[in-house]
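Subject: Structure handover

Hello,

Please find below the structure we talked about. My notes on it follow.

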Protein chains: 2
Amino acid sequence: MTSPATSPIADALRLDGGPVDLTAIETDAAPGFDGRKADGVAALAAMAPELGDLQERLWAERTAGSQRRVLVVLQGMDTSGKGGVLRHTIGLVDPQGVRVTSFKAPTEEERAHDFLWRIERGLPAPGYIGVFDRSHYEDVLIARVRGLAEPEEVERRYGAINELEARLVDEGFSIIKCMLHISADEQKERLAERLANPEKHWKYNPGDLDERALWPAYREAYEIALERTHTDHAPWHVVPSDKKWFRNLAVGQLLLDTLRGLDLQWPAADFDVAAETRRLAEEDPVR
Amino acid sequence: MTSPATSPIADALRLDGGPVDLTAIETDAAPGFDGRKADGVAALAAMAPELGDLQERLWAERTAGSQRRVLVVLQGMDTSGKGGVLRHTIGLVDPQGVRVTSFKAPTEEERAHDFLWRIERGLPAPGYIGVFDRSHYEDVLIARVRGLAEPEEVERRYGAINELEARLVDEGFSIIKCMLHISADEQKERLAERLANPEKHWKYNPGDLDERALWPAYREAYEIALERTHTDHAPWHVVPSDKKWFRNLAVGQLLLDTLRGLDLQWPAADFDVAAETRRLAEEDPVR
């Protein structure tokens with residue numbers, strides 16, 4: 001791995017490899033964190049200065065030609081909290097260096113290309129923290145559950161995803177893959193909340209219940225995808241997400257671990273600092 | 001105007017129309033604000049909840065087909081603080097609904113097109129708060145000062161910009177144009193700080209001093225551009241920016257005024273809320 005995750009949270013969330021049984025992974029736990037909600041909220045807020053510093057170093061590095069960048073992949077069932085992570089965790093860093101790409105049902109143009117075409121177009125440039133709100137994994141999740149692609153095509157895609165991610169890591173990407181893991185009961189509660197609150201009606205879609213009806217099929221599709229695409233260069237993390245505060249904290253910790261692992265340095269000046277200092281002081285052109 | 005600015009800060013910063021004399025506008029003042037630095041920092045922080053609420057309404061509205069969106073145009077000399085506004089002011093809102101576009105020296109492909117080609121490609125989609133870090137105004141500023149375009153072409157561009165902005169406002173844009181106004185002395189100090197701090201060397205470019213040498217020509221180019229492109233539908237604000245806290249606060253206030261002026265409402269449900277609530281409660285498909 002390019003960025004060894006060393007925090008207790010990352011260690012607890014990273015898959016081991018091999019078959020995945022999501023029913024065996026608690027959705028309302030806070031693994032690797034020894035505290036309650038208030039502690040978790042405070043711990044996330046406390047990360048902001050270091051996250052900001054490291055992000056600025058990553059941003060600065062690109063001016064010296066570095067190709068390094070970070071890609072956070074957020075996957076999860078409806079209401080699992082991808083938007084909440086964007087707001088509360090990604091919202092901690094400078095928006096100038098963030099690129100969020102949301103993947104909806106593919107357009108006609110996108111469907112006319114290979115499934116990775118739109119993914120490549122949504123990748124972050126060097127220096128950026130990119131966030132995928134849904135991703136290429138939809139093409140082995142809903143595509144499998146809904147039969148939107150032939151079985152052999154879905155089969156091909158696991159390998160194509162691994163090849164893409166390996167190439168990206170070679171090119172300077174650090175990839176953080178997060179499956180936001182909620183229980184069916186928690187989803188029911190969140191959907192009910194949306195229905196009960198007129199300010200949240202815009203978030204609700206009757207199709208959400210049709211997707212919910214396929215919960216077991218989605219679970220199986222996730223389990224297969226997690227197993228087949230969990231690699232050394234781009235490991236998966238299953239983030240218990242019934243507790244919103246832990247979900248936000250965990251993704252923040254994974255981001256922090258990754259940035260720390262890059263050993264980011266301020267780029268050295270590529271000009272004569274003393275000469276420029278003199279020039280500014282003594283020959284200031286503005287009279 | 002689509003979004004009447006009503007706060008004392010907005011009233012104080014908005015140009016009146018007619019010839020502009022930037023030397024007559026103080027760079028270290030805090031017009032329209034009756035407080036000091038700590039008050040200004042607190043006032044900006046206090047805006048965050050309302051900014052967040054209004055941004056979410058704008059974001060929600062797009063799901064009901066609204067075309068409305070906001071475009072913040074940031075212009076100013078080197079070190080005037082475009083990056084600081086992004087970090088401290090735009091950083092207050094949800095990054096999911098923000099699109100930052102930075103305009104550098106045009107690429108070969110961009111130069112092969114009309115100057116507005118790349119601008120159109122960088123525009124925010126409905127629901128977004130877009131921010132231009134530099135903009136189409138470079139094409140009447142550096143283009144004029146450095147003679148990068150023929151005088152008659154520069155002349156044509158003022159009208160082309162006004163036409164573009166009028167069309168955008170018709171399409172649902174609210175445009176907030178900010179000229180971050182610093183003094184030459186303040187720029188000198190900020191450049192010296194960058195040179196004195198190895199962590200800031202990456203922000204410095206020897207070319208900055210060459211641009212600085214053209215300060216009077218840039219001032220004149222700004223004055224002409226401000227006069228020629230200050231319109232009812234897209235007025236200019238000159239933001240005194242020697243005080244970073246006031247600069248951040250002022251742009252925040254302009255954004256808040258604009259969002260308030262849109263009278264944003266939560267979209268009504270386009271489905272039968274009672275029926276969906278029953279369906280979720282009684283016919284929950286997940287057993």
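In what order do the five strands of the open sheet in chain B lie, and is the pairing parallel or antiparallel? The order is 2-3-1-4-5, and the pairing is parallel. Two strands count as paired if DSSP finds at least two bridges between them. Helices (H or I, at least four residues) and strands (E, at least two) are DSSP runs numbered from the N terminus.

Before the rest, some conventions. This is a predicted model, in which local features need pLDDT of at least 70 and side-chain atom pairs count only at pLDDT 80 or more, while totals for chains, interfaces and linings use all residues. Residues are numbered from 1 along each chain as its sequence is written, chains are lettered from A and ligands numbered from 1 in the order in which they are written, and side-chain values use heavy atoms, with hydrogens and water left out.

Strand 2 and strand 5 of chain B are the edge strands, each pairing on one side only. Neighbouring strands of this sheet are turned by 20° against each other on average, direction ignored. Strand 4 (residues 173-181) and strand 5 of chain B are joined in the parallel sense by five bridges, and B:His181 stands opposite B:Pro240 in strand 5. Helix 10 (residues 215-229) of chain B packs on the sheet, touching strand 1 (69-76), strand 4 and strand 5; contact means heavy atoms within 4.5 Å. The direction of helix 10 makes about 140° with that of strand 5 of chain B. Axes are lines fitted to C-alpha atoms, for helices over the stretch in contact, and angles run from 0 to 180 degrees between N-to-C directions.

In chain A, five of the five residues of strand 5 (residues 236-240) are buried, that is, under 20% relative accessible area with a 1.4 Å probe, protein chains only (exposed is over 50%, partly exposed in between). A:Trp236, A:Val238 and A:Pro240 lie on one side of this strand, A:His237 and A:Val239 on the other. In a regular strand the side chains alternate between the two faces of the sheet. A:Lys177 stands opposite A:Trp236.

Rings

The whole structure holds 12 aromatic pairs over all chains. Rings of Phe, Tyr and Trp (its six-membered ring) pair if their centres lie within 6.5 Å; planes under 30 degrees apart are stacked, over 60 edge-to-face, the rest tilted. One of the pairs is B:Phe103 with B:Phe132, edge-to-face at 4.9 Å centre to centre and 80° between the planes. B:Phe103 is in the loop between strand 2 (98-102) and helix 4 (108-111), B:Phe132 in strand 3 (residues 129-133), 29 residues apart. Both B:Phe103 and B:Phe132 are buried. B:Tyr137 and B:Trp236 are also edge-to-face, at 4.8 Å and 70°; 99 residues separate them, and both are buried. In chain A, ring pairs link A:Phe33, A:Trp245 and A:Phe246 into a cluster.

B:Arg62 lies over the face of B:Trp59, 3.6 Å from the ring centre. The criterion is NZ of Lys or CZ of Arg within 6 Å of the ring centre and within 35 degrees of the ring normal.

Two copies

Chain B superposes on chain A by a rotation of 180° with 0.0 Å of shift along its axis (RMSD 0.0 Å). The two copies are thus related as by a two-fold rotation axis. The same surface serves both copies, as 100% of the contact residues of chain B recur in chain A.

Regards

Conventions:
Copies are superposed by least squares on the C-alpha atoms of residues with pLDDT of at least 70 in both.
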